[in-house]
Amino acid sequence: MLIKSIFSGFGGQGVLFMGYCLANSAMDQGLHTTYLPSYGAEVRGGTANCTVAVSDQEIASPVASEPDFVVAMNNPSLLRFQNHLITDGTLFLNQDLVDIEPTRDDVKIVRVPAVTIATQLGNQRGMNLVMFGAMIKHTGLVEYEVAERVVSRLFREKNEKLVEPNIEALRAGRNYDD
């Protein structure tokens, strides 16, 4: 098994953190993983994306020229990465900020109102974790409980007060029915 994912959006949307959470969750499950971030010089507000590869064997290359999953948090991300996605892959769209239709009809599309859900929770910055929770639900790439433990650990290292609101966002994404 070798599964590659691309997370993409504007800097400040937490796309690199989503990928980092996936990579750490996979490692906690004993899987091999690579994490390759990329972002524009301006970071917040500029483009950002990362590639995460997860495998049960060693990974030869972290590059994902044909990913299995693409998470697009905005229109430019959809336009840039939709054609890289493999046939029958899954495209996750932040439907609050992606207002154009994908041109692909050979992929599964999962639309998640990540900003709306996060805002309803009082944690608009948690939109990335809403999307990550939805991705875990639809892909089964990592166990949800492992991802929740990883997110808790990563936020605890920053600030204990951030743990519960962000776990709540992750759960809301997992529980969202599209």
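This is a predicted model: local features need pLDDT of at least 70, side-chain atom pairs count only at pLDDT 80 or more; totals for chains, interfaces and linings use all residues.
User: Why is Ser25 called buried?
Analyst: Ser25 has a relative accessible area of 0%. Buried means under 20%, exposed over 50%, and partly exposed in between, with a 1.4 Å probe and protein chains only. Ser25 is therefore buried.

User: Where is Ser25, and what is it in contact with?
Analyst: Ser25 sits in helix H1. Helices are DSSP runs of H or I with at least four residues, strands are runs of E with at least two, and both are numbered from the N terminus. Contact means heavy atoms within 4.5 Å. Leaving aside neighbours within four places in sequence, Ser25 is in contact with Phe132, Val142, Val146, Ala147 and Val150. The C-alpha atoms of Ser25 and Arg149 are separated by 8.3 Å, and the two residues are 124 apart along the chain.

User: What makes H1 largely enclosed by the rest of the structure?
Analyst: Of its 14 residues, 10 are buried, so H1 is largely enclosed. Among them are Val15, Phe17, Met18 and Leu22. The cover includes strand S1 (2–10), S2, strand S3 (47–55), S4, H4 and H5.

User: How do you know that the length of H1 agrees with its residue count?
Analyst: The expected span is 1.5 Å times one less than the number of residues. For the 14 residues of H1 that gives 20 Å, and the end C-alpha atoms are 20 Å apart, so the two agree.

User: What about the spans of H5 and H6?
Analyst: The 15 residues of H5 should span 21 Å, and its end C-alpha atoms are 21 Å apart, which agrees. The 13 residues of H6 should span 18 Å, and its ends are 18 Å apart, which also agrees.

User: What do the buried residues of H5 and H6 pack against?
Analyst: Those of H5, including Tyr144, Glu148 and Phe155, have cover that includes H1, H4 and H6. Those of H6, including Val163, Ile167 and Leu170, pack against helix H3 (114–120), H4 and H5.

User: Why is Gln120 called exposed?
Analyst: Its relative accessibility is 64%, so Gln120 counts as exposed. Gln120 is found in helix H3. Its C-alpha atom is 28 Å from that of Asn24, 96 residues apart along the chain.

User: What makes the Tyr20 and Tyr35 pair edge-to-face?
Analyst: Rings of Phe, Tyr and Trp (its six-membered ring) pair if their centres lie within 6.5 Å; planes under 30 degrees apart count as stacked, over 60 as edge-to-face and the rest as tilted. The structure holds 3 aromatic pairs. For Tyr20 and Tyr35 the centres are 5.7 Å apart and the planes 70 degrees, an edge-to-face pair. The pair links distant parts of the chain, with Tyr20 in helix H1 and Tyr35 in strand S2 (residues 32–39), 15 residues apart. Tyr20 is partly exposed because its relative accessible area is 36%. Tyr35, at 28%, is partly exposed.

User: Why is the Phe69 and Phe92 pair called tilted?
Analyst: Its centres are 6.4 Å apart and its planes are at 55 degrees, so the pair is tilted. Phe69 lies in strand S4 (residues 69–72) and Phe92 in strand S5 (residues 90–94), 23 residues apart. Both Phe69 and Phe92 are buried.

User: What makes Asp88 stand out in its phi?
Analyst: Asp88 has a positive phi of about 70 degrees although it is not a glycine. Most residues other than glycine have a negative phi. Asp88 lies in the loop between helix H2 (75–81) and S5. Asp88 is exposed because its relative accessible area is 65%.

Definitions and conventions:
Residues are numbered from 1 along each chain as its sequence is written. Side-chain values use heavy atoms; hydrogens and water are left out.
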